[in-house]
Amino acid sequence: MTVRRPLALGSASLALLAGLLLSTVPAMAEVKVGVAVPRTGPYVTVGAQVLRGVEAAARDANAKGGINGEPIVLDVQDDSCDSNQAVAVANHYVNTGVRLVVGHVCSNASLAASDVYAANGIVMITAASVAAKLTDRGLPTIFRVCGRDDDQAKLSAAILAERFRDRRIAILNDLSPASRTLAAATKDNLNRIGVNEAMAAAFQPSDADDVALADRLKAANIDVVYYGGDAQEMGRLVRIAAERGFRPQWFGTSAIATPDFAKIAGPASNGVLMTFYLDPSRKPEAQGVVAEFKAQGVEADGSMIYGYAALQALVEAGNFAHSTEPAAIAKALHGERFDLVLGPVGFDNKGDITAQGYVLYVWRDGNFTPAKSN
């Protein structure tokens, strides 16, 4: 009688069999989302805030099924807030099949990259780029969850006219595109109200030029200085001016909404005014996210919540449209309203969010809080 023995399989045969079995199981689809932020250069703090917000939103979304049942995978790229590098990042996303992007941070980078995205049907939503031109072109796949610089300039001019009409006002820019644009728009709006500045000046930031500028402002008996520079440049100018005995009322923009400003300016940062988006961390809709950050030992400041909102908007639009296709998501963003950490919001035909815009803040002890009304 012949005894049949079980077939003995070696390790190689078992591996082959396992591979054949696994190959019959369809792989779970993923939706890649690009995150274009500065990870090098002077704006790394803002980039880190946006990225942390996006990562938290991706984690929360994936816990609920991602976008239309597909888990989100982030592709984070550094654009250094440089226009050429931003275009390179945009082309990387085109070539690797990324069709949804949260980015960029700086307006010059967003403007340069958005042309690539629009030409390739990729949805881009920025958490921090304020240039009006970005959405004024009406590109159908370009959005933002933050405010516009022309709205910021109108508010700045109104505050200058209301609070400092009879004071000697200086309006400065440091020749960078964002600073030059905001200074010009603020000056124009201020003049339309009927208030003329005592000085308007452009300068190239450096220690030596900051010293010379501080002395020039002091000699001109300037009471209020409006400056559209970033946290590093304005922080240094405020500190140097104070060291030279010049302490006017400083007035900055959303570009200084980072702890770096107070670190650089030191005690001279106290009392500095600043326009920035409405603080979403105070809204009831954001309290769960704020609590998550606090549990990690992180304060939800600056652009962090806006980074969260940018990805959250893509997720909500995709789930509403039952699609991860950019055209369907763009259509949903333009046509619907969504409950985000910013509250119930929609997007107009330009791609601008309908949430409340800028408000006035004041710096105290290294932090900024809403300024009291006069």
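Trainee: What does the side chain of Asp 230 reach at 2.9 Å?

Mentor: The backbone nitrogen of Glu 233. Keep in mind that this is a predicted model, where local features need pLDDT of at least 70, side-chain atom pairs count only at pLDDT 80 or more, and totals for chains, interfaces and linings use all residues. Residues are numbered from 1 along each chain as its sequence is written, and side-chain values use heavy atoms, with hydrogens and water left out.

Trainee: What makes the pairing of the Asp 230 and Tyr 43 side chains a polar contact?

Mentor: The two side chains come to 3.0 Å. A polar contact is a pair of N or O atoms within 3.5 Å; within protein, one must be able to donate a hydrogen and the other to accept it, and residues adjacent in sequence count only if both atoms are side-chain atoms. So 3.0 Å passes the distance cut-off.

Trainee: How do you know whether Asp 230 is buried or exposed?

Mentor: Its relative accessibility is 10%. Buried means under 20% relative accessible area, exposed over 50%, partly exposed in between (1.4 Å probe, protein chains only), so Asp 230 counts as buried.

Trainee: Where does Asp 230 lie?

Mentor: In the loop between β8 (224-227) and α9 (231-243). Those labels come from DSSP runs numbered from the N terminus: helices are H or I with at least four residues, strands are E with at least two. The protein has 13 helices and 14 strands.

Trainee: Why do we call Cys 81 and Cys 106 a disulfide?

Mentor: Their sulfur atoms sit 1.9 Å apart. A disulfide is a pair of cysteine sulfur atoms within 2.5 Å, so this pair qualifies. The structure holds one disulfide.

Trainee: What is the handedness of the disulfide of Cys 81 and Cys 106?

Mentor: The torsion about the S-S bond is about 80 degrees, so the disulfide is right-handed. Cys 81 is in the loop between β2 (72-78) and α3 (83-96), and Cys 106 in the loop between β3 (100-103) and α4 (107-119), so the pair ties together parts 25 residues apart in sequence. Both Cys 81 and Cys 106 are buried.
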